[in-house]
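Biologist: Let us go through this model term by term. I will ask what stands behind each label.

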Amino acid sequence: MTFPKFPMVAAMAGMIALGACTNPNGSILASSEDPNQRAKNGALIGAGAGALIGALSESDGNRDTGALKGAVIGAALGAGGGALLDKQERDLRASLGNDRVTINNTGDRLIVTLPQDILFATGSSAVRPDLVRDLGAVAGNLQAYPNSTIQVIGHTDSDGEAAFNQQLSESRANAVSSVLLNNGVAPGRIQAFGRGEAQPVASNLNPQGKAQNRRVEIVILPNAS
C-alpha cells in the first residue's frame with residue numbers, strides 16, 4: 001500500500017520554516033528575546049500557506065515538489081511582511097504620546113486599542129480634543145505605510161440595552177474613522193464596524209473588566225503583495 005507524499009513534504013516544509021523561529025540550540029524564542037520574532041513568525045505562516053497553495057496548484061505527481069517550492073516562496077514573503085509590520089509598529093510607538101493606547105503585533109496585523117474612557121465622555125460619540133492628536137499620529141503612520149486595510153471596531157460593556165450599545169459602538173467607530181479621514185487617510189482603506197457588547201475581552205461583572213471592554217480597536221491589516 002502506498003501513501004501520498006504530499007502530507008510528508010508539507011510537514012517537512014513546515015519544519016524548515018519552524019527552524020527560522022528557533023535559536024541555535026533548537027528552542028523557540030519568545031518575542032521579548034528576539035526583536036525579529038514577528039518576521040520569523042511571518043516566515044512560518046507563509047511557509048505553511050505556500051506549501052498548501054503550491055501543492056494544490058500541481059498535478060498529483062508533482063504535489064510534493066509544488067509544496068516544497070510554495071513553502072520556500074511563502075516563507076520569504078512572510079518574513080518580509082513580518083519585518084515591515086515590526087517597523088511600522090516601532091514607528092507608531094515612537095509617534096504616540098499616550099501610554100494608555102496599546103499596540104498588539106500579532107505577526108500578521110497590528111491592533112491599536114484605545115480605551116473608551118480616554119476617547120469619549122460617558123454616552124457620547126464625540127472624540128475628546130486631546131485624543132485627536134493621538135489619532136492624528138495614527139493617521140500619519142497609516143499614510144507612511146499605505147499598503148494596508150484599516151478596520152475601526154467599536155466595543156462596549158454590557159451595561160444598558162444591547163441595541164443601544166450596538167448603536168453607540170457603531171457611532172464611536174465612525175467618529176474615530178472620521179478623524180483618520182480628516183487627517184488624510186484614503187477613504188477606500190477604512191472599514192468601520194460596531195460590535196456592541198458581543199466581543200468582551202474581560203469580565204463584565206466588575207468595573208475593571210467593564211473598562212477594558214469599552215474600547216475602540218484600529219486593526220491594521222497589510223494587503224497581500
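Biologist: What share of the 225 residues of the protein chain counts as buried, and what makes a residue buried?
Modeller: The share is 41% of the 225 residues. Buried means under 20% relative accessible area, exposed over 50%, partly exposed in between (1.4 Å probe, protein chains only). This is a predicted model: local features need pLDDT of at least 70, side-chain atom pairs count only at pLDDT 80 or more, while totals for chains, interfaces and linings use all residues. Residues are numbered from 1 along each chain as its sequence is written, and side-chain values use heavy atoms, without hydrogens and water.

Biologist: What makes a nonpolar core, and which residues touch the most other members in the largest one?
Modeller: A nonpolar core is a set of buried Ala, Val, Leu, Ile, Met, Phe, Trp, Tyr and Cys residues joined through side-chain atoms within 4.5 Å. The largest has 30 residues; Leu119, Leu180 and Ile218 touch the most other members. Its largest share, six residues, comes from α5.

Biologist: Why is the pair Asn98 and Asp134 called a polar contact?
Modeller: Their side chains are joined at 3.5 Å. The definition asks for N or O atoms within 3.5 Å, one able to donate a hydrogen and the other to accept it; residues adjacent in sequence count only if both atoms are side-chain atoms. Asp134 is also among the buried residues of α5.

Methods
Helix = DSSP H or I, 4+ residues; strand = E, 2+ residues; numbered from the N terminus.
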